[in-house]
Amino acid sequence: MTTNRFATRLNSFASRPQAEWPDLVGKPSMLQMAARAAKVAGLTDLDLNFPDHVGEKPAEMARKLGDVGLSINGFAMRYYSNPAFKLGAFTNPDPAVRREAIDLTKAGIDAAREAGASLMTLWLGQDGFDYAFQADYATLWQHEIDGIREVAVHDPDCQISLEYKPNEPRSYSLMPDAATTLLAIREIGLPNLGVTLDFAHVLYADEQPAFAAALVTRHSKLLGVHLNDGYAKRDDGLMVGAVHTLQTIELLRQIRRDGYAGAIYFDTFPDMTGLDPVHECEVNIATVKRMLRVVDRLEKDNRLSAAVDRQDAVASQAIIQEAMLGPDS
């Protein structure tokens, strides 16, 4: 696993705007937020939301980001431009709205490619249901499969990564967990499809992150890793390792073993409580680097592999705590 590419959520850098732009009227622009993100020591990449962050020619936008020292890791679709998307994007009951969502996604893929990126993340949070007897489930599923297939075929050289989430904004998401997402990918059967694991989403899907990553690698491709943390009740967007330190380290160990070569992306929400986004991101990067050093120590410790082979939880916990905190004397 490469460890020198770190990406982040651009909207985080709208946090505490008056500290950065005392005379700002309204919201900061994409380039203003990017220039602020470029102050983060060790940050290499940004992910851009489409169409929110793409207000000019994508190639020119990429050049301007390069001028401040940042690359584009990929684009992420956002289905907010039409209020009708609240009832579904690819699964909307109106075929004209479904067509609009699919065409918007194709435009996003084209823009990502023009910007030099080859990764498009789809979070289909509007595709789901809220009530019993609201929808025909077979029809919803077929619309979802057809939509994903069409956008994946649009540019076979662009990787399409499905980011699952149990709910929000819909009460029930059509792609709530790793197994359902992998089932969809298997049904579609295209080689440029894969999965993005968001740590907080995985937690409140009641999944163990490293296990989810292992399943994804076994049955598909892991195309994105979004690190954050939370209390497994909602998408808290807390800093990396703030709650589930051991699970984060185990996930990093798993994806390293599986050969993950993408960026580590921070999907945290400093803007929710007005944290300093530059310092917050720097601490996230430092935390991951420390965790990877723990992984290095664990991989050199034959005791851990032996304990895991025996499923000896007591021994493995002792070894991990020693690697993290040092010997007891």
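Ground rules: residues count from 1 along each chain as its sequence is written, and side-chain values use heavy atoms, with hydrogens and water left out. Since we're looking at a prediction, local features need pLDDT of at least 70 and side-chain atom pairs 80 or more, while totals for chains, interfaces and linings use all residues.

**Exercise 1.** Work out which strands pair with β3, and in which sense.

*Solution.* Start with the terms: strands are DSSP E runs of at least two residues, helices are H or I runs of at least four, both numbered from the N terminus, and two strands pair if DSSP finds at least two bridges between them. Next, take β2 (residues 45-50): six bridges tie it to β3, and the two run parallel. Here D47 sits opposite G74. Then try β4 (residues 119-122), which pairs with β3 over two bridges, again parallel. On this side, A76 has T121 as its bridge partner.

**Exercise 2.** Find the handedness of the crossover from β3 to β4.

*Solution.* From β3, follow the chain through helix α4 (residues 95-114) into β4. Now point the strands away from you: a clockwise path from the first strand over the helix to the second counts as right-handed. This crossover is right-handed. β2, α3 (residues 58-67) and β3 also form a right-handed β-α-β unit.
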